[in-house]
Each structure stands twice: as C-alpha cells, then as structure tokens.
Amino acid sequence: MDTQKLIREAKARFKHQENKLYLQEKWLPKLSFAWAGGMWTATPALLAFLESAPESVILADEYGNPINLSTAEFKKEAWRVYTSTTTAWYDEYQKTQNIR
Amino acid sequence: MTRGVVLFAHNNGKDDYYGMAAATAKRINFFLDLPVTVITDTNSIREIKYKFDQTIIIEPDTTNQRKKSSWYNKGRYKIYELTPYSDTIILDTDYLINSTTLLDAYKLDTDFVCHNKVKWLLGGNDQEYFYKNFISTLWATVIRFKKTSRTQQIFETMGMVQENYDHYTNIYRFSGGMFRNDYALTIALKTVNGHFTNPGDYFPWKLLHVPLDIKVYRDTLTSYTFVGVDKKNEKTYYLTVKDTDFHMLNKNNFMELVA
C-alpha cells in the first residue's frame with residue numbers, strides 16, 4: 001500500500017517533536033571526526049577557539065588524549081565537517097517543517 | 001588486518017533467522033562493502049541464492065525461553081574464537097542497514113566498541129538500568145572488536161556470566177530467567193575495565209530501536225515511514241526516517257521490509 005495514502009486514511013499526524021529528536025540523533029554524531037590520531041567534535045566552541053589559536057596548538061581530544069595540531073589544517077577540516085553536517089541537517093529539517 | 005561482519009542465525013521454529021541473516025548480509029555488502037560470515041546450525045541452514053563469505057556451523061544452545069518460545073541467543077561470547085576476521089563487526093540479524101554509518105566505527109581508535117545509549121523511535125523508554133537503577137545497560141546488538149587480549153577477556157567474561165546466569169541475576173538484581181546478551185556484556189565490560197568507565201568503548205552515536213508496536217513501511221531503499229498509536233490519546237502518529245540504520249524488534253515486519 002502507498003504510504004501516503006495509508007497516512008491519509010489513518011489520519012496520522014506527523015510527530016514534529018520526535019522528528020526533531022531523531023534528526024538530532026542522526027546528525028549530531030556526524031560532527032565527530034578523526035584527525036591526527038584523535039577524535040574530535042566540530043562544535044562552535046572548537047571553531048571559535050581555533051580562530052585565535054597560534055600556528056600549532058596542543059588540544060585534548062574527546063578521550064582526553066593531548067595532541068599537537070597544526071592549527072590551519074585542523075581548522076579547515078573542522079569547518080568542512082561542521083558545514084557539511086549542519087547544512088545536511090538543516091536541509092532535512094526544513095523539508096519536514098511543512099508536513100502535517 | 002581483515003575486516004568483516006558476523007551474524008548469528010539460529011531458527012527457533014517461529015522466526016527464520018537464517019533468512020533474516022541473508023537479507024541483512026545483502027544490505028551489508030551493498031552499503032558497507034564488507035564480507036559477511038554467518039554462524040548457524042544444520043537445522044537453520046537451507047538453500048538460498050545468497051552466498052555468505054563463510055558459513056560456520058555450530059550446535060545452538062536451545063535452553064533460553066522467551067514468551068513461551070525458544071530464543072537461541074546464547075553463545076554469542078564464542079564470537080572471539082569463531083570469527084574469521086581480525087577486525088569484526090557483530091550484528092543482530094534484525095539490524096536494518098540503510099547507510100554507511102557503521103564504517104565510521106573503523107575510524108575509532110579502539111579495540112572494542114558497543115552502544116551504551118539508545119533511542120526508541122516513536123516511543124518507549126530511552127535507557128534501561130539494573131542494580132537499583134545504578135548500572136546503565138549496554139547493548140550487544142552492534143559490537144566492533146579487534147582480536148586483542150582485552151577483547152578476549154571481555155568475551156570470556158560474557159561466557160562466564162552466561163554459564164553462571166542465576167548467580168549474576170542475584171548479584172546484579174535484574175529479572176532472571178531469560179538470558180540476555182546485553183546484561184552479560186554490561187557485566188563483562190564493567191569487570192574487565194575494573195568497574196571504571198572507558199568512554200572509548202562506546203559508539204559516539206545512539207542505537208536506534210523500533211518498538212514492537214510500531215509498524216514500519218518502506219518508501220524507498222533507504223527511506224521508511226514509522227506509524228504508531230499514542231496510547232494516551234489513541235491518535236495515530238508517524239515519522240519518516242532516511243539513510244538511518246535501526247534495530248527492529250518485530251521480526252515479521254523486518255521480513256516484510258527486506259522482502
């Protein structure tokens with residue numbers, strides 16, 4: 001049976017709050033990335049910190065391991081992960097906003 | 001280093017776990033491009049079109065009971081000895097792969113990783129605890145491990161818990177009777193880690209479960225609609241998910257989706 005027809009006939013309502021949580025669970029973990037032997041999360045705080053960091057910096061990764069990083073390359077990768085993930089998250093979220 | 005996925009598939013007279021394993025294996029090949037080995041028994045195996053990377057025959061432990069039927073889930077701890085791969089992902093056969101997410105497990109610099117957090121799609125409790133709500137249950141649904149002395153200890157300890165399940169039921173005060181690999185894993189990992197928590201042992205994303213009372217419909221190869229009734233107001237709700245792996249408790253519904 002066609003799913004849309006089934007939803008109409010069952011008078012089912014789209015659960016927006018559940019959708020928001022699901023998308024969070026789907027996309028937030030994708031902000032994690034491996035770099036220089038460590039695991040990182042591309043958060044706004046990390047990106048902001050890197051803006052003012054010197055050429056090389058020692059940072060503790062997600063598991064508390066201190067790692068010496070080249071700031072420019074690391075920043076580029078962190079921004080790439082952040083932008084691609086949040087863009088995909090935003091697009092999928094927007095597509096569901098008008099569903100009833 | 002050899003990578004691959006292993007599935008346990010023992011039919012219990014009610015559910016066709018071998019058929020489910022073949023369906024799951026096809027999706028693993030398609031999305032993850034990994035070989036799949038099935039661990040099964042002579043009563044479950046049958047002629048199918050799909051060819052597993054390897055088929056390993058063992059004698060199933062048939063002593064576990066669930067809802068008046070048998071559930072041949074014991075013996076998962078033997079995976080350490082049985083796996084033909086040095087870097088293994090072990091999955092429940094009813095885990096529906098719809099993305100490449102599991103490949104991210106290989107980016108984690110660890111010899112063992114499992115889920116410590118879950119989300120029930122469209123309902124249910126998010127996390128399960130035991131021992132006076134003190135110990136958060138881990139999930140044996142998806143595990144990735146390399147062969148090391150530590151992972152050998154983890155699986156051997158799971159075996160010890162299985163063999164002495166009544167004893168551990170008393171100590172940890174979870175509901176006894178039906179053996180659960182989730183509980184055995186939780187106790188084993190805690191024991192091997194000296195009752196400390198090692199964050200590196202957990203996937204950085206949640207395990208998504210689909211409760212029994214949620215009906216799932218397939219829209220495309222990777223897109224699904226979940227339909228359920230809210231028991232409080234008896235209204236029907238739905239949710240669509242895309243490119244997301246999830247674990248289905250309803251085996252019949254699972255087979256409808258992969259047919």
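Q: In strand 12 of chain B, which residue is the bridge partner of B:T88?

A: Strands of a sheet pair through backbone hydrogen bonds, either parallel or antiparallel. In this predicted model, B:T88 has B:F145 of strand 12 of chain B as its bridge partner. Strand 6 of chain B and strand 12 (residues 139-146) of chain B run antiparallel and are joined by 5 bridges.

Q: What is the strand order of the open sheet of 6 strands in chain B?

A: The order is 3-2-1-6-12-8, and the pairing is mixed. Strand 3 (54-57) and strand 8 (112-115) of chain B are the edge strands, each of them pairing on one side only. From one strand to the next, the twist averages 20 degrees.

Q: Which helix packs on that sheet, and which strands does the helix touch?

A: Helix 1 (residues 17-32) of chain B does, touching strand 1 (3-9), strand 2 (36-40) and strand 6 of chain B. The direction of helix 1 of chain B makes about 160 degrees with that of strand 1 of chain B.

Q: How many residues of chain A and of chain B are in contact?

A: The size of an interface is often given as the accessible area lost when the parts come together. Here the description is by residues in contact: 20 residues of chain A touch 23 residues of chain B. On the side of chain A that touches chain B, the elements giving two or more residues are helix 1 (3-9), strand 1 (13-14), helix 2 (16-27) and strand 2 (32-35) of chain A. Helix 2 of chain A gives the largest share, 5 residues. By class, this side of chain A has 10 nonpolar, 4 polar and 6 charged residues.

Q: Which strands form the open sheet of 4 strands, and in what order?

A: The order is 1(A)-16(B)-15(B)-14(B), with mixed pairing. Its edge strands are strand 1 of chain A and strand 14 (215-218) of chain B, each of which pairs on one side only. Strand 1 of chain A pairs with strand 16 (residues 236-242) of chain B in the parallel sense, over 2 bridges. In that pairing, A:F14 stands opposite B:Y238 of strand 16 of chain B. Strand 14 of chain B and strand 15 (residues 223-229) of chain B run antiparallel, joined by 4 bridges. There, B:K215 has B:V227 as its bridge partner in strand 15 of chain B.

Q: At what angle does helix 2 of chain A run to strand 16 of chain B?

A: The angle is about 25 degrees, and helix 2 of chain A lies across both strand 1 of chain A and strand 16 of chain B.

Q: How do helix 2 of chain A and helix 4 of chain A pack?

A: Two packed helices are described by the angle between their axes and the distance between the axes. For helix 2 and helix 4 of chain A, the angle is about 160 degrees and the axes are 10 Å apart. Helix 2 of chain A is therefore roughly antiparallel to helix 4 of chain A. Their crossing is right-handed. Helix 2 of chain A makes the contact with A:N19, A:L23 and A:W27, and helix 4 of chain A with A:T85, A:A88, A:W89, A:E92, A:Y93 and A:T96. By class, this contact has 5 nonpolar, 3 polar and 1 charged residues.

Q: Is the crossing of helix 3 of chain A and helix 4 of chain A left-handed or right-handed?

A: The crossing is left-handed. Helix 3 (residues 44-51) of chain A packs against helix 4 (residues 71-96) of chain A at an angle of about 150 degrees, with the axes 10 Å apart. So helix 3 of chain A is roughly antiparallel to helix 4 of chain A. The contact involves A:L46, A:L47 and A:L50 of helix 3 of chain A, and A:T71, A:F74, A:K75, A:A78, A:W79 and A:Y82 of helix 4 of chain A. By class, the contact has 7 nonpolar, 1 polar and 1 charged residues.

Q: Which residue in the hairpin of strand 2 and strand 3 of chain A takes a positive phi?

A: A:A36 does, with a phi near 55 degrees, and the hairpin has 2 residues between the strands. Strand 2 of chain A and strand 3 (residues 38-41) of chain A pair over 4 bridges in the antiparallel sense. A:S32 stands opposite A:T41 of strand 3 of chain A.

Q: Where in chain B is confidence lowest, and where is it highest?

A: Where pLDDT is low, the predicted coordinates should not be read in detail. In chain B, the lowest confidence is in strand 4 (residues 65-66), at a mean of 65, and the highest is in strand 6 (residues 87-91), at 98. Chain B averages a pLDDT of 91, and 97% of the residues score at least 70. The model scores ipTM 0.86 and pTM 0.92.

Note on methods: Residues numbered from 1 in each chain as written. Chains lettered and ligands numbered in written order. Predicted model: local features only at pLDDT ≥ 70, side-chain atom pairs only at ≥ 80, totals over all residues. Axes fitted to C-alpha atoms, helices over the stretch in contact; angles between N-to-C directions. Parallel < 35°, antiparallel > 145°, perpendicular 65-115°, else oblique. Left-handed = near helix turned anticlockwise from the far one by under 90°. Contact = placed C-beta atoms within 7 Å. Nonpolar A, V, L, I, M, F, W, Y, C, P; charged D, E, K, R; others polar. pLDDT = per-residue confidence, 0-100. Pairing = 2+ DSSP bridges.
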